[in-house]
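Here's a quick briefing to read alongside the structure.

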Amino acid sequence: MEAEPPTVEAFVRDARAFLDAHAEHRPDGFPDAMFAQFREIADPEAFRARCVGWQRLLYDNGFAGLTWPRDVGGRALPSAYALAWADLEAEYDVPRGLFGVTLEMVGPTLLAVGTGEQRKHCEAILRGEEVWCQLFSEPGAGSDLAGVTTSAVRTDTGWRINGQKVWTSEARHARYGYLLARTGPSQARHRGLTAFVVDMATPGVGVRPLKQMTGGASFSEVFLDDVDVPADAVLGEVGGGWTVAMTTLGFERFSSFGRSLGRLVRQAAELGWPDATTREHFVDAVIDQRALAAFEASIHRRLLAGETPGPKAALAKLATGKVVAELADAVAERLGNRLSESGSGLDDWRLVVLSAPAFRIAGGTDEIVKTMIAERVLGLPRS
């Protein structure tokens, strides 16, 4: 008989004790985890080692995969525990940026649609042994995933893949990739796609990091030239890639940045806002941040009640981009040319201003998300 789980209160006490022992408590500091992917990293391998070490530490102490099944190394706890952990961990500086896509999108997708063998990757993920990347976007198919042209053609032993992916987070650190390719070129756009698991060490896979204007290089181009994968690399059903991708994007498009943006707003308040117009722009960002936090809290209550967020959760993704953009514009007005001065101590705010556009693009552009909300939430007809 399995032991009863601790109460949420007891879990939080244990979690806080663990975090106090292993991380710096900065409840009102800059929310670096939210912007880590945009930072310039002087030593990528040292960064990788810190993230891997932290993930292994979480696993060894029972704080990894809180809601994941026990057969893959998780604790099979209700979502209340994961939400409590997320709220608590947000108060600490922890090196978890490398595993964002792996834990929040790839892992849940493997659990939802993977075979028994594919699910075994989940335990390696929780132990910090595998970083994954998501090979979706292409130069001609960003938010429009139905426009994917990377091809997968049957061979005697499996599939041969050719094409190019772009804006792939952490591809240079990834052991495996979760790829969307076209296997039915004569079928309708959404019906001719298949998802695959790709070993990134396979001959023909090339990774080229992309330097961002923020100085970071967490995104990469990935080239696939006659990449052979086995038949059992198919994730889900052949021709069912669109359904698998939508499962993944359901995890991605519910952000939970309201609390982190609250920290950022409190930091911005310390800049002082003597100009009435600029101050009004800042207040607009504050109001929208509080509305986002309240909306996310309502989603969390639904999760705790055993409900699924549904398509309405996409509103949080849309609002996150809006709040970051509003705050970045207000800060740029407030600080002006000082943002471009070296040694000004304003590196964090420069990072916010330069990375703001990405929040309205990554995970689906605002236009794509608005269309989805119009169709699935408001029930409006397609044009």
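Two strands count as a pair here if DSSP finds at least two bridges between them. Keep in mind that this is a predicted model. With that said, strands β4 (residues 151–154) and β5 (residues 158–169) pair up in the antiparallel sense, over four bridges.

**The hairpin**
- β4 and β5 make a hairpin, and three residues sit between the two strands.
- One of the bridges to look up is that of Arg154, whose partner in β5 is Trp159.

**The nonpolar cores**
- The largest nonpolar core counts 40 residues, and Leu19, Trp85, Trp132, Tyr178 and Leu180 have the most contacts inside it.
- Elements giving two or more residues to this core include the helices α1 (8–22), α3 (44–60) and α4 (79–89), along with the strands β6 (176–182) and β7 (193–199).
- α5 puts in the largest share, with five residues.

**Around Trp85**
- Skipping neighbours within four places in sequence, Trp85 is in contact with Phe11, Ala15, Phe18, Leu19, Leu58, Phe63 and Leu66.

**Around Ala245**
- Ala245 belongs to helix α8.
- Why does Ala245 count as buried? Because its relative accessible area is 0%, and the cut-off for buried is under 20%.
- Again leaving out neighbours within four places in sequence, Ala245 is in contact with Phe136, Leu145, Tyr178 and Leu180.
- Ala245 and Phe136 are 109 residues apart along the chain, yet 8.6 Å separates their C-alpha atoms.

Key: Residues are numbered from 1 along each chain as its sequence is written. This is a predicted model: local features need pLDDT of at least 70, side-chain atom pairs count only at pLDDT 80 or more; totals for chains, interfaces and linings use all residues. Side-chain values use heavy atoms; hydrogens and water are left out. A nonpolar core is a set of buried Ala, Val, Leu, Ile, Met, Phe, Trp, Tyr and Cys residues joined through side-chain atoms within 4.5 Å. Buried means under 20% relative accessible area, exposed over 50%, partly exposed in between (1.4 Å probe, protein chains only). Contact means heavy atoms within 4.5 Å.
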